[in-house]
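Subject: Structure for your review

Dear colleague,

Please find below the structure that I am handing over to you.

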Amino acid sequence: MKVDAKILSKFFILLFFLGSLNAAPVFDYTYKFVLKKDERASVQIKEIGYEDKVQNFDFYWTLFDNTNIIVHSKFRKYPRQFVMSLRRNLDWVTQTLIPDYTNPHIDRARLILEFSGYNKGLATFTVYIEDKESRVMVEFLDPRKKPLQNPPKNNQVVPMIDLNKPQVKPLTSWEK
């Protein structure tokens with residue numbers, strides 16, 4: 001059985017082309033945070049041309065079981081809550097930094113937060129920033145290296161219900 005050289009070369013070109021489509025993305029900024037419970041980290045983002053308007057992506061984690069972690073974040077005054085996991089493909093979330101305009105793959109500026117691991121009360125997060133058009137300036141504010149100047153305020157405290165006390169007043173007499 002003979003195989004034509006032209007068919008074989010086309011096969012290898014096709015194989016190379018399909019392999020190049022599966023290439024890993026290139027990130028402009030990457031940083032690894034190691035955080036204790038309720039320790040807040042921040043990524044300071046300045047859009048080029050609007051340097052006077054600084055926006056922060058703030059995040060912290062609150063609860064971890066064997067594989068899942070609860071992460072709270074805030075960007076542009078919009079709070080979000082994620083359940084991330086160490087299981088495959090549940091370990092990352094994305095946040096758009098600059099909206100997609102005409103060409104989504106070129107105009108995109110986004111942040112990817114990856115839950116990398118957990119060890120002895122410390123959670124490891126990796127932040128990736130994708131910005132092909134170089135439209136943002138990024139600074140990582142790590143609380144372990146330099147304390148935050150104005151840390152985000154705690155969320156409002158909701159009063160706890162004391163289950164040891166009665167929640168309603170007992171009815172002592174019938175009113176007619």
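What does the accessible surface of the protein come to, and what percentage of it belongs to carbon and sulfur atoms? The accessible surface comes to about 13,600 Å², and 57% of this belongs to carbon and sulfur atoms. Accessible areas come from the Shrake-Rupley method with a 1.4 Å probe, and for residues only the protein chains shown count as cover.

This is a predicted model, in which local features need pLDDT of at least 70 and side-chain atom pairs count only at pLDDT 80 or more, whereas totals for chains, interfaces and linings use all residues. Residues are numbered from 1 along each chain as its sequence is written, and side-chain values use heavy atoms, with hydrogens and water left out.

Overall architecture

The protein has two helices and nine strands, and along the sequence they follow the pattern α-β-β-β-β-β-β-α-β-β-β. Helices (H or I, at least four residues) and strands (E, at least two) are DSSP runs, numbered from the N terminus. Of the 176 residues, 31% count as buried. Buried means under 20% relative accessible area, exposed means over 50%, and partly exposed lies in between (1.4 Å probe, protein chains only). Among contacts (heavy atoms within 4.5 Å) between residues at least 6 apart in sequence, 48% join residues at least 24 apart.

Strand pairing around β7

Strand β6 (residues 92-98) and β7 run antiparallel and are joined by six bridges; two strands pair if DSSP finds at least two bridges between them. Within this pairing, T94 has I112 in β7 as its bridge partner. On β7 and β8, which also run antiparallel, there are 10 bridges, and G117 stands opposite T124 in β8. The two strands β7 and β8 form a hairpin with two residues between them, and K120 in the turn has a positive phi of about 55°.

The nonpolar core

The largest nonpolar core has 28 residues, and those with the most contacts inside it are F33, V43, F59, L113 and F125. Such a core is a set of buried Ala, Val, Leu, Ile, Met, Phe, Trp, Tyr and Cys residues joined through side-chain atoms within 4.5 Å. In soluble globular proteins, nonpolar side chains tend to be buried together. Not counting residues up to four places away in sequence, F59 touches several residues, including F33, L35, L113, F125 and V127. The contacts of F59 also include E39, R40 and H72.

Salt bridges

The structure holds four salt bridges, each being a side-chain nitrogen of Lys or Arg within 4 Å of a carboxyl oxygen of Asp or Glu. Side chains of opposite charge can pair when their charged atoms come close.

R110 forms a salt bridge with E130, the closest N and O atoms being 2.6 Å apart. This pair links distant parts of the chain, with R110 in strand β7 (residues 109-119) and E130 in strand β8 (residues 122-131), 20 residues apart. Both R110 and E130 are buried, and E130 has a relative accessible area of 4%. Salt bridges that share partners join R110, E130 and K132 into one network. Leaving aside neighbours within four places in sequence, E130 is in contact with V26, F27, D28, R108, A109 and R110. E130 and F27 are 103 residues apart in sequence, yet their C-alpha atoms are 4.8 Å apart in space.

The side chains of R144 and E39 also meet in a salt bridge (3.4 Å, N to O). R144 lies in the segment after β9 (136-141) and E39 in the loop between β1 (29-35) and β2 (41-47), so the pair ties together parts that are 105 residues apart in sequence. R144 is partly exposed, with a relative accessible area of 42%, whereas E39 counts as buried at 15%.

In a further salt bridge, the side chains of D38 and K37 meet (3.5 Å, N to O). D38 is partly exposed at 40% relative accessible area, and K37 is partly exposed at 47%.

The surroundings of T62

Both D38 and K37 are in contact with T62, as are I70 and H72, leaving aside the neighbours of T62 within four places in sequence. T62 lies in strand β3 (residues 54-64) and is buried, with a relative accessible area of 18%.

Yours sincerely
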